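Have the viewer open and click through as you read.

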Amino acid sequence: MKPFFEKVLIDQGSSWTVFHRCLEAFPFEWHYHPEFELTMTLNSLGQRYIGDHIGSYGHEDLILLGPNLPHTWCSREKIEGGRPHQAMVLWFSRDLAYNLVERWPEFGAIRRLLKDEAPRGVCFSEKVRREAGRKILALLDQQPADRLLNLLSILNFLAGDGERVTLSSSSLGNSTSDAASNAEPHFAKDSATIDRVLSYLHAHYREEISVTDLASRAHVSLSSFHRLFKRHMRMPVSAYVAHLRIGKACSLLMNTEIPISIVASEAGYYNYANFVRQFEKLKRMTPRRFRTLHAPIAKAA
């Protein structure tokens, strides 16, 4: 249940990809990737986990995720038993988003959606997601050039949803937030650096983290690293690691019956009192209370 890096494959002849996923179940696979993701679920009921958000999803649920935001969907049951769980998944890179919307004032609403809200995950209103769903399904039968134009159209439509809400309490992913104030080469270089650091953090967050070591891996000074990380992630390294560890604890509390003291150590906390303090700070309840509220739902999935 440790977050793992997912390599997104881009369709041949395209700069982004759309994937129609059909499965007998959506397993709990806590993962992240450097691409933006727009996912619409069909014929499926269950739980979604996005950053530190946990919520229910249903038919035509529509979620926009920013780069490197940990997430997963975990199905509970089908709506129509004879058909598979389905998801329409759109992946597009930060570079593509930057080139499409950052330079043109007409796309200001899309830019704000991607830059300011997607890093926390965005859920759209029922009316908007129903219409957007038709547009997304239509992408399957379109040629690459038409798909790209309609991706812009879909994002513009979603940016007009005045009832959309963000999900995770904090940004746990990277975004295009510094693209407006930096030249494109610097943006690409910084994004690659942050991706390298995040890959290391997601693999080693249970261990003692040395910020000096992270700065060395990023090939920048310690002070420059602090500024770079906070500019991209909108939080210091210590807060990011705490979110990863508490996310791990939440998944263990929901999906296992191991003692809470073991949950703490598995999440990287070897001082139980500190674990409880950090958990209550982020989740606003004790680990025991969290397990009571969420474990039955997870078991049903």
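1. A word on the model before we start. It is a predicted model, where local features need pLDDT of at least 70, side-chain atom pairs count only at pLDDT 80 or more, and totals for chains, interfaces and linings use all residues. Residues are numbered from 1 along each chain as its sequence is written, and side-chain values use heavy atoms, with hydrogens and water left out.

2. How much space lies in the largest pocket? About 260 Å³. Pockets and cavities come from a 1 Å grid over the protein atoms alone: a pocket is an open set of points with protein on both sides within 12 Å along at least five of seven lines, a cavity is a set where a 1.4 Å probe fits but cannot get out, and lining residues have an atom within 4 Å of a point. Points are joined across faces, edges and corners, and a volume is the space filled by probe spheres set on them.

3. Strands β2 (17-23), β4 (36-42), β8 (71-78) and β9 (85-92) each give at least two residues to the lining; strands (E, at least two residues) and helices (H or I, at least four) are DSSP runs numbered from the N terminus. The lining holds eight nonpolar, four polar and four charged residues, where Ala, Val, Leu, Ile, Met, Phe, Trp, Tyr, Cys and Pro count as nonpolar, Asp, Glu, Lys and Arg as charged, and the others, Gly among them, as polar.

4. Of its 15 lining residues, Trp30, Gly51, Asp52, Gly247 and Cys250 lie nearest the centre. Which element gives the largest share of this lining? That's α8, with six residues. Sorted by class, the lining has eight nonpolar, five polar and two charged residues.

5. The second largest cavity holds about 30 Å³. Asp11, Ser14, Trp16, Thr17, Val18, Pro144 and Arg147 line it, with β2 and α4 (144-159) each giving two or more of them.

6. On to helix packing, starting with α1 (residues 94-102) and α2 (residues 108-117). Their axes come within 9 Å and cross at roughly 150° (axes are lines fitted to C-alpha atoms, for helices over the stretch in contact, and angles run from 0 to 180 degrees between N-to-C directions). So α1 is roughly antiparallel to α2, given that angles over 145 degrees count as roughly antiparallel, under 35 as roughly parallel, 65 to 115 as roughly perpendicular and the rest as oblique. Ala97, Val101 and Glu102 of α1 touch Ile110, Arg111 and Leu114 of α2, with contact meaning heavy atoms within 4.5 Å.

7. Helix α2 also meets α4: their axes come within 9 Å and cross at roughly 80°, which means that α2 is roughly perpendicular to α4. On the α2 side you'll find Ala109, Ile110 and Leu113, and on the α4 side Leu152, Leu155, Asn156, Leu158 and Ala159. This contact has seven nonpolar, one polar and no charged residues.

8. Last, go back to α8, which packs against α10 at about 95° with the axes 10 Å apart; that makes α8 roughly perpendicular to α10. Ala242, His243, Ile246, Ala249, Cys250 and Leu253 of α8 meet Phe275, Gln278, Phe279, Leu282 and Lys283 of α10. Both helices, α8 (237-255) and α10 (272-283), also supply at least two residues each to the lining of the largest cavity.
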